[in-house]
Amino acid sequence: MTTDIIDLRDPDFRREVLEAEEPVLVDFTAQWCGPCRAMKPALESLASEFKGRVKVTRLDVDDNLVTAQEYGIRSMPTLLFFKKGRVVGQIVGAVPRAKLASAFQQVL
């Protein structure tokens, strides 16, 4: 299955997120996180729906500690919305698709 979500690593973060022209959502996640897995279908659907307008990315906190620590990520899932390299929105915990869609609209 193809997905429109970009898997990030610490070295890619600046280029893919902070220097991006379009708004970027970073899904801070972990393999062992049940709520993260529960939100995955909604995020994949929104990544397709907003393709070209909002870049959707995913960062595994266990494999990318530098970025997770830099942004003070302590619970998963944590979703940060970036615009022009700055955090402009945050969602912590699993939320319904409608709330995610609303957050996507707000960053546009």
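Strand β4, which covers residues 78–83, is mostly covered, since five of its six residues are buried. Here, buried means under 20% relative accessible area, exposed means over 50%, and partly exposed lies in between, with a 1.4 Å probe and protein chains only. Helices (H or I, at least four residues) and strands (E, at least two) are DSSP runs numbered from the N terminus. The model is predicted: local features need pLDDT of at least 70, side-chain atom pairs count only at pLDDT 80 or more, and totals for chains, interfaces and linings use all residues. Residues are numbered from 1 along each chain as its sequence is written, and side-chain values use heavy atoms, with hydrogens and water left out.

**Strand pairing**

Two strands pair if DSSP finds at least two bridges between them. Strand β4 pairs with β2 (residues 24–29) in the antiparallel sense over five bridges. Within this pairing, D27 has L79 in β4 as its bridge partner. Strand β4 also pairs with β5 (residues 86–92), again antiparallel, over six bridges. There, F81 stands opposite G89 in β5. Two residues lie between the strands in the hairpin of β4 and β5, where K84 takes a positive phi near 55°. In a regular strand, side chains alternate between the two faces of the sheet.

**Residue E16**

E16 belongs to helix α1, residues 13–18. Its relative accessible area is 17%, so E16 is buried. The side chains of E16 and R15 are joined by a polar contact of 2.8 Å. A polar contact is a pair of N or O atoms within 3.5 Å; within protein, one must be able to donate a hydrogen and the other to accept it, and residues adjacent in sequence count only if both atoms are side-chain atoms. Leaving aside residues up to four places away in sequence, E16 touches I6, L8, V24 and K55, where contact means heavy atoms within 4.5 Å.

**The disulfide**

The structure holds one disulfide, a term for a pair of cysteine sulfur atoms within 2.5 Å. It is formed by C33 and C36, with sulfur atoms 2.2 Å apart. The torsion about the S-S bond of C33 and C36 is about 80°, and therefore the disulfide is right-handed. Both C33 and C36 are buried.

**Aromatic pairs**

Rings of Phe, Tyr and Trp (its six-membered ring) pair if their centres lie within 6.5 Å; planes under 30 degrees apart count as stacked, over 60 as edge-to-face and the rest as tilted. Six aromatic pairs are found in a search of the whole structure.

F13 in helix α1 and Y71 in the loop between α3 (65–70) and β4 are 58 residues apart, and their pair links distant parts of the chain. F13 counts as buried at 4% relative accessibility, whereas Y71 is partly exposed at 24%. F50 lies in the loop between α2 (34–49) and β3 (55–60) and F104 in helix α4 (residues 97–107), so their pair ties together parts 54 residues apart in sequence. Both F50 and F104 are buried. Ring pairs also link F13, F28, Y71 and F82 into a cluster.

**The whole chain**

The chain has four helices and five strands, in the order β-α-β-α-β-α-β-β-α from the N terminus. Of its 108 residues, 47% count as buried.
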